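Hi everyone, thanks for making time today. I'd like to walk you through one model, so please have it open on your screens.

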Amino acid sequence: MSEVLLEVKNLKKHFVPHLTLAQTLAGGKKRVIKAVDGVSFSIMKGEIFGLIGESGSGKTTTGKLIMKLIEPTSGTITFDGEDVTFTNKAKTQEYRRKVQMIFQDPYASMNPRFKIRDVLLEPLIIHKMHGNRAEQIERVLKALTEVKLTPPEEFLVRYPHMLSGGQRQRTATARTLILNPKMLVADEPVSMIDLSTRAEILHMMKEVQRDLGLTYLYITHDLSTARYFTDRIAVMYLGRIVEMGPADEIIDNPIHPYTQALIAAVPEPQAGKVDIIKKLPISGEIPSPANIPSGCRFHTRCPYATEACANNPEPELMDAGNGHFHACARWKEIPKAQ
Amino acid sequence: MSQFMEFWNEFKRDKSGLVGLGILILCILLVVFEPLIIPYKEAGTKWRSIEYWQDNSQSAPPVWTNLFTKTKQAASADLRDFSKTVDADGNTIYQFHYNYQYDLAPYDLIIRAVGTGTIPLTVSVMRPDKQVIELFSTSLYNLSENEPIRISILNSSRDSALSFVREFESEENFGNIQTMSAGVTEIIFSEAKPGFVQNQIPLKGNYIFEIKVSQPIAEEGQEIPKVYFEEPHISVVGRVSGLLGTDNSKRDIFSGIIAGLKWALLIGFFTSIISVFVGVIYGIITAYFGGKVDSAMMFFWDYFISLPVLPILIVAAAIFKPSIWTLVGVLIVFSWAGSVKTVRSIALQIKEETFVEAARALGASHGRIIFRHMAPILIPYSFASMALAVPGAIIYESTVSLLGLGDTTVVTWGQILNDAYQGQAMLTGLWWWIIPPGLAIAIIGMTFAFLGFALDRILHPKLQTR
Amino acid sequence: MENLLEVKNLRLYYHTSKGAVKALDDVSFSLKEGETLGLVGESGCGKTTTGVALLKMPSPPGRIEKGSQIIIDGTDIVPLSDKEIRKNIRWEKISMVFQGAMNCLTPVYTIGRQMLETLNEHRMMEEKQAVELIKEYLGHVGLPPEVMNRYPHELSGGMKQRVVIASALFLKPRLVILDEPTTALDVIVQAQIINLLKELKKTFNLSFIFITHDLALEAEVSDRICVMYAGKIAELGTNAQIYGKEPLHPYTQKLLQATPLLHKKVDTLAFIPGTPPDLINPPTGCRFNPRCHCTMEKCFTEEPPLIEVEPGHQVACWRCVK
Ligand SMILES: Nc1ncnc2c1ncn2[C@@H]1O[C@H](COP(=O)(O)OP(=O)(O)OP(=O)(O)O)[C@@H](O)[C@H]1O
Ligand SMILES: Nc1ncnc2c1ncn2[C@@H]1O[C@H](COP(=O)(O)OP(=O)(O)OP(=O)(O)O)[C@@H](O)[C@H]1O
Ligand SMILES: [Mg+2]
Ligand SMILES: [Mg+2]
């Protein structure tokens with residue numbers, strides 16, 4: 001449990017969109033969108049690591065960087081002790097076999113013209129694994145069983161549109177398992193599925209993780225599933241991690257005001273809250289990553305911000321003990337969330 | 001299968017699509033059963049053979065024009081049924097029945113057969129009024145093996161016709177007739193009474209033509225030579241001919257149109273399928289790779305799309321030997337660009353779809369993503385644009401042919417139109433030479449347009465992948 | 001308080017080529033002035049269908065069947081003509097924030113133009129007056145008036161949802177149907193929108209029908225909760241009756257157990273096995289029987305009626321029939 005599988009150091013991704021002709025003529029300057037702006041964390045072997053944050057905080061971009069679907073602007077990614085930030089084709093292919101991704105939208109992540117059989121055979125064909133077709137089918141059936149789609153034969157000939165959202169997400173999981181990866185990146189795998197199935201999928205994913213000894217990077221904006229699902233959590237805001245630590249610790253003793261806001265916003269099924277207007281310790285909307293506030297990037301929305309927060313250099317992650325890190329300069333003054 | 005049924009259920013609701021489909025099926029049936037349908041079986045291959053068409057009448061209107069005129073004109077026909085008897089002297093007699101029910105006699109009657117050696121031959125006709133005219137009597141010498149025999153009554157029977165007239169006409173009248181060009185066929189098919197040549201009254205009824213092949217007399221000391229005289233038939237060269245008349249080279253236009261159909265379809269299909277295929281792949285590649293590749297490929301595309309097709313086609317046809325295949329080739333070169341822009345914009349959307357990203361995350365190669373993931377999504381669009389590209393291709397071929405640059409070894413609608421133009425069909429009022437090929441081009445174009453629109457309407461929304 | 005809305009035996013079938021999809025089968029409920037009624041249930045249980053039925057605008061093969069009654073302010077709107085509905089009911093009395101409406105804003109027109117169009121669709125007014133009205137309502141939903149000149153892609157998800165909500169309020173309706181207004185948003189924006197809705201409700205004295213599949217969210221907004229399953233009401237009760245103690249219908253119980261809790265770490269979450277039934281041929285007896293963990297013989301043969309077990313608390317389960 002203590003061996004590091006994936007380590008990300010000071011990872012940055014700055015998008016520079018091309019200007020249109022009209023914009024160039026108007027003398028427009030190129031905007032730099034700092035989607036990921038210096039993220040560092042490490043994920044242990046066999047751990048479920050949660051990446052939490054609002055929409056636009058750069059979670060998906062981080063996931064894609066780790067998947068090597070996009071190239072980082074700077075920083076390093078180390079996987080299993082090997083630097084994989086920039087690799088040649090063969091190495092990339094090998095990496096792809098080890099790290100797999102489950103996408104948010106189960107309706108869009110499979111080619112609508114592929115039968116489930118073809119969806120699941122694809123990774124095997126690409127990586128020329130498991131010998132002949134019969135053996136490959138064998139593997140496909142096994143993967144379907146692993147994600148509890150039974151009887152597996154019945155699903156082979158179906159098209160994705162003939163499956164429910166939950167079944168699709170199972171299939172997507174099966175597709176990633178087929179290559180026996182070491183790590184899965186799951187980008188909001190249940191946010192588009194029904195509540196009743198959500199629990200089932202998370203349960204299944206957890207079982208698979210235990211059985212196969214997998215490591216997960218779980219991306220979500222929903223802290224309540226993160227609590228149930230993850231071991232450790234990193235809270236991301238505008239391309240940076242503002243708090244990181246064990247899931248229980250983060251949720252029970254949040255230090256950073258942003259984490260407190262995220263927690264306060266989560267609805268809970270309890271009676272008697274209808275007439276209360278919730279106090280949210282956060283104001284306004286997330287600023288554009290093309291225009292990141294100075295100092296602590298959260299100060300524009302922080303109820304506890306002082307002038308110093310805006311003027312001082314951006315606080316780095318600080319150790320609060322118990323593996324709990326945070327990036328709030330005024331953490332001593334901030335009242336504990338109830 | 002259920003997908004197909006779903007598609008079909010949708011398609012059924014589209015009236016114009018159904019019409020298009022109906023006509024297309026009809027066209028395909030026409031091509032398949034072409035030999036059974038056209039009266040001139042070799043019209044396609046012998047379109048430019050003068051010999052093949054020589055028994056036809058020139059510039060004859062379609063048969064059905066008789067329905068609208070008071071004087072019914074004799075229609076072209078081929079008398080093939082005969083009875084064969086051998087008389088006591090060993091002469092073989094072939095009898096043909098011709099039921100004549102018109103007001104205007106045919107231009108000519110042509111005796112056709114194949115024969116070998118020397119053949120003495122007498123042809124006579126017995127009219128409904130029991131008058132018998134011996135049309136001519138001749139001997140064909142030293143025919144080589146199965147040599148075709150062709151004897152025109154118009155040319156060979158003038159004397160006998162005149163002597164037949166003499167039987168009925170006064171001397172004085174007869175003198176006039178000789179100077180005027182009394183038609184042989186008109187004499188044969190008119191009631192025989194004084195003054196009948198000036199004032200012809202058609203004699204309707206059953207005519208029996210008799211071809212007598214005499215037993216040749218053996219020369220001294222030699223065996224009687226055997227006479228070969230086979231496949232006799234009589235071509236009636238009518239004043240109206242076929243379903244769509246004939247042109248000024250005596251060709252049957254109906255046969256030409258039907259024989260041209262397969263070329264129209266072939267040009268349409270080949271050009272549209274290949275050019276759409278190329279265009280789709282090109283569009284996907286430029287969209288998929290984006291960036292510099294996209295810029296370069298779109299620059300090249302811009303160049304192609306701005307080239308004027310027709311002038312280049314004309315130049316190309318003038319330089320190369322104009323075969324139908326070079327034509328198709330040139331058409332493909334210039335029409336693939338048409339679908340690129342749309343494909344590119346659709347492909348740009350597909351590229352952003354999660355399943356493409358998922359495939360990349362699995363390590364799929366560019367080729368795999370392009371051909372396995374993106375191209376199939378564009379199949380519906382391709383079908384629609386193929387259908388829509390067909391009329392254009394047919395019309396381009398027709399235009400090139402109309403300018404006299406077409407492939408002369410086949411018959412296409414454009415060439416029929418070109419011939420009509422050359423033959424001044426417009427000026428001489430040979431409307432049946434212009435309207436049918438023009439209409440055929442329009443109909444086939446419309447058919448595919450209908451189909452294309454229907455496919456487009458039904459399949460396009462399905463582009464949304466959910 | 002009087003009933004603003006009364007729905008009696010509402011039946012809406014989608015007449016598809018494969019048969020009638022019984023999307024709503026004998027649904028009855030009422031709504032008091034100023035109240036929020038929550039509709040919860042899994043995907044496909046008929047929540048949206050209920051919403052559009054109240055506006056009398058079911059999507060194409062759908063038809064409100066005979067015997068259904070939708071009484072608003074004392075008048076049954078089912079027999080009314082389309083013209084009358086448009087003139088007096090839609091947007092005048094009831095309006096709706098459609099599911100995913102924020103993603104359906106046309107990318108090529110400005111927000112102002114699109115809001116004007118919505119307005120004109122329901123009531124013609126002078127442009128100047130209309131623009132003033134739009135600005136006023138943008139203010140009500142917490143957006144600056146400049147938003148009018150912006151394009152949808154320039155707005156965040158939360159801002160777009162605010163625009164859509166403003167558009168539903170123009171003509172001062174008394175009832176607003178909110179169909180999954182926060183599903184696509186993150187938790188913080190969701191909480192902000194919920195707060196906004198609560199404020200708007202007070203300012204305009206509105207009633208809401210709040211549709212979502214998230215039971216936890218429903219607890220924070222709805223006075224009464226209506227749990228739907230396969231086109232029928234499974235349980236209907238006050239907020240306290242559903243969340244205060246154990247709910248009565250096994251379906252509701254399971255749904256609640258399946259909701260992950262922030263402040264309570266659990267090892268395993270309960271879930272409901274299987275999927276909702278095919279609504280063309282729903283199971284006989286109780287429609288929930290294939291997935292229920294506590295069935296009796298009767299559940300397979302007879303449909304349980306919706307009965308009142310205590311004041312204001314209705315359940316359709318044979319276990320609750322004494
Ligand atoms: N290809 C790109 N070009 C320009 N900007 C981008 C690109 N991809 C992402 N961004 C921007 O980067 C920021 C972070 O995006 P990202 O998708 O990582 O956020 P997220 O945390 O996953 O949000 P969500 O919860 O909405 O999925 C956003 O502001 C987004 O607009
Ligand atoms: N236009 C339609 N034609 C046929 N069936 C339909 C149509 N619209 C909805 N249905 C069916 O009616 C049932 C109820 O659909 P409805 O959209 O009301 O569900 P919902 O509860 O809103 O679900 P979701 O949470 O997915 O929005 C579903 O089974 C659905 O498949
Ligand atoms: Mg994301
Ligand atoms: Mg809905």
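Let me start with a question: in which helix of chain B does B:Ser255 lie? The answer is α9, which covers residues 253-289. Helices here are DSSP runs of H or I with at least four residues, strands are runs of E with at least two, and both are numbered from the N terminus.

A quick word on the ground rules. This is a predicted model, where local features need pLDDT of at least 70 and side-chain atom pairs count only at pLDDT 80 or more, while totals for chains, interfaces and linings use all residues. Residues are numbered from 1 along each chain as its sequence is written, chains are lettered from A and ligands numbered from 1 in the order in which they are written, and side-chain values use heavy atoms, with hydrogens and water left out.

Back to B:Ser255. Is this residue buried or exposed? B:Ser255 is buried, because its relative accessible area is 0% (buried means under 20%, exposed over 50%, partly exposed in between, with a 1.4 Å probe and protein chains only). Its side chain also makes a polar contact of 2.6 Å with the side chain of B:Asp252. By polar contact I mean a pair of N or O atoms within 3.5 Å; within protein, one must be able to donate a hydrogen and the other to accept it, and residues adjacent in sequence count only if both atoms are side-chain atoms.

For contrast, let's hop to chain A. A:Asn311 sits in helix α12, residues 307-311, and is exposed, with a relative accessible area of 57%.

A polar side-chain atom of C:Thr48 is 2.5 Å from a ligand oxygen, and a backbone N or O atom of C:Gly44 is 2.8 Å from an oxygen of ligand 2. On the nitrogen side, a ligand nitrogen lies 3.5 Å from a side-chain N or O atom of C:Tyr14.

Thanks, and I'm happy to take questions!
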